Amino acid sequence: MSTSTAPQVAASGSGTGTARPRVLSGIQPTADSFHFGNYLGALRQWVDLQENYEPFFFIADQHAITVEQDPKVLRDRCLRAAAQLIAAGVDPERSAIFMQSHVPAHAQLSWVLQCLTGFGEARRMTQFKDKSAKGGEGAASVGLFTYPILMSSDILLYRPHYVPVGEDQRQHLELTRDLAQRFNHRYKKTFRLPEPYILKATAKITDLQEPTAKMSKSASSANGIIDMLDDPKVSAKKIRSAVTDSGSEVRFDTAEKPGVSNLLTIYSALTGTSIEELVGQYDGKGYGDFKKDLAEVVVEFVTPFRNRTLELLDDKETLNDVLASGAAKASAVAERTLADVYDRVGFVKPVSR
Ligand code: AMP
Ligand code: TRP
């Protein structure tokens, strides 16, 4: 399976009746705020892909409960996630934005696919190994174990061409393709084999304090993560105190200078200036100037994002409308696929009287 760096698709003119290729992705509502890794590794691609694709983007609330959640906190985080997607530029007019649990076909297809998945195959998923390692496998839920199969269902229902995700999801995409192929082979061609869409440049944003580790909400220190909804002043401080490497030269070298390279990646992604150009710009200047400037770039970026998110959270009616119309668009597609699947596995079609 290849890494798709930039699928080039000619925009189909409106009114031509040509269907645009689909993209689909989901994100878990497991923190009060998305962090820079989520934004640069995933959400930004969602925003860009809307241009030329037919997009389906959802909040993976059912995935979130694979580990224990406080119901009140979860509900709040789901809405915060939806608001952040919109604030980041996912446009409800162009993209179906919805809650996974609002489209029951996800859980329904998941059962069918579970029955096609080998136990050993599920056991090989490295994310399960990582996530269950802490409390021991015996303490992990069966839901955590079967989570990649629910993810496969999320994807296959929409028959998407591309699935934009971070590098850590590649193995789940491979499982998805295997299950699609198995179903198609055993029954009848039903599913499209989706391609992962992983942007190499931002596939792994690293921790500001521990620049060889992935930026992650489970980081040991909050100073290593930039939350999109943090007070911008706090984010600026985190950038200024990010761990840089020995020497003083601003240079992109992930082996020798992982800290500086990560900051260069972030700088380049936020401004659109190439890393090469940035390196030229800071030639002869030290880390201090570089981090000070990046801190300003970050503040300029997160301030309007944060304001827009808070505005949306104050207007629940609009947010609920977006989610309702997203779920309606998604259900129309998902239910059609599920009906094909139920028919092909041999279930009797219910007759309404
Ligand atoms: P998570 O919060 O782990 O569910 O991740 C949500 C999305 O963000 C997924 O597509 C991840 O692959 C992506 N992602 C998470 N952390 C990072 C990171 N540090 N760098 C790049 N992408 C990331
Ligand atoms: N598992 C993904 C994550 O943790 C989220 C996710 C759930 C997803 N279902 C998906 C991503 C379907 C892409 C497609 O980041």
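In this predicted model, a polar side-chain atom of glutamine 169 sits 3.2 Å from a nitrogen atom of ligand 2. Gln169 belongs to a set of 14 residues around ligand 2, and the nearest of these are Gln28, Tyr147, Met151, Asp154 and Gln169. Two further side chains place an N or O atom beside ligand 2. That of tyrosine 147 is 2.6 Å from a nitrogen atom of the ligand, and that of glutamine 28 is 3.2 Å from an oxygen atom of the ligand.

Ligand 1 has 16 residues around it, with Gly166, Asp168, Ile205, Met215 and Lys217 as the closest. For ligand 1, the polar pairs described here involve backbone atoms. Glycine 166 brings a backbone N or O atom to 2.9 Å from an oxygen atom of ligand 1. A polar backbone atom of methionine 215 is 2.9 Å from a nitrogen atom of ligand 1, and a backbone N or O atom of glycine 37 lies 3.2 Å from a nitrogen atom of ligand 1.

| Residue | Part of residue | Ligand atom | Distance |
|---|---|---|---|
| Glutamine 28 | side chain | oxygen, ligand 2 | 3.2 Å |
| Tyrosine 147 | side chain | nitrogen, ligand 2 | 2.6 Å |
| Glutamine 169 | side chain | nitrogen, ligand 2 | 3.2 Å |
| Glycine 37 | backbone | nitrogen, ligand 1 | 3.2 Å |
| Glycine 166 | backbone | oxygen, ligand 1 | 2.9 Å |
| Methionine 215 | backbone | nitrogen, ligand 1 | 2.9 Å |

Tyr147 also takes part in a helix contact, that of α6 with α7. Helix α6 spans residues 126-133 and helix α7 residues 142-156; their axes are 9 Å apart and the packing angle is about 160°. Because angles over 145 degrees count as roughly antiparallel, α6 is described as roughly antiparallel to α7. The crossing of α6 past α7 is right-handed. On the α6 side the contact consists of Gln127, Phe128, Lys131 and Ser132, and on the α7 side of Leu144, Phe145 and Tyr147. Sorted by class, these are four nonpolar, two polar and one charged residues.

Helix α3, residues 71-88, packs against helix α13, residues 316-345, at an angle of about 80° with the axes 11 Å apart. The two helices are therefore roughly perpendicular to each other. From α3 the contact draws on Leu79, Ala82, Ala83 and Ile86, and from α13 on Lys316, Leu319, Asn320, Val322 and Leu323. Seven of the residues in this contact are nonpolar, one is polar and one is charged.

Helix α3 also meets helix α12, residues 287-313: their axes come within 8 Å and cross at roughly 130°. That angle makes α3 oblique to α12, and the crossing is right-handed. The α3 residues involved are Leu79, Arg80, Ala83, Gln84, Ile86, Ala87 and Ala88, facing Phe305, Arg308, Thr309, Leu312 and Leu313 of α12. By class, the contact of α3 with α12 has eight nonpolar, two polar and two charged residues.

Terms used:
Residues are numbered from 1 along each chain as its sequence is written. Chains are lettered from A and ligands numbered from 1 in the order in which they are written. This is a predicted model: local features need pLDDT of at least 70, side-chain atom pairs count only at pLDDT 80 or more; totals for chains, interfaces and linings use all residues. Side-chain values use heavy atoms; hydrogens and water are left out. Axes are lines fitted to C-alpha atoms, for helices over the stretch in contact, and angles run from 0 to 180 degrees between N-to-C directions. Helices (H or I, at least four residues) and strands (E, at least two) are DSSP runs, numbered from the N terminus. Angles under 35 degrees count as roughly parallel, over 145 as roughly antiparallel, 65 to 115 as roughly perpendicular and the rest as oblique. A crossing is left-handed if the near helix is turned anticlockwise from the far one by less than a right angle, and right-handed if clockwise. Contact means heavy atoms within 4.5 Å. Ala, Val, Leu, Ile, Met, Phe, Trp, Tyr, Cys and Pro count as nonpolar, Asp, Glu, Lys and Arg as charged, and the others, Gly among them, as polar. A residue is near a molecule or strand if one of its heavy atoms lies within 4 Å of it. A polar contact is a pair of N or O atoms within 3.5 Å; within protein, one must be able to donate a hydrogen and the other to accept it, and residues adjacent in sequence count only if both atoms are side-chain atoms.
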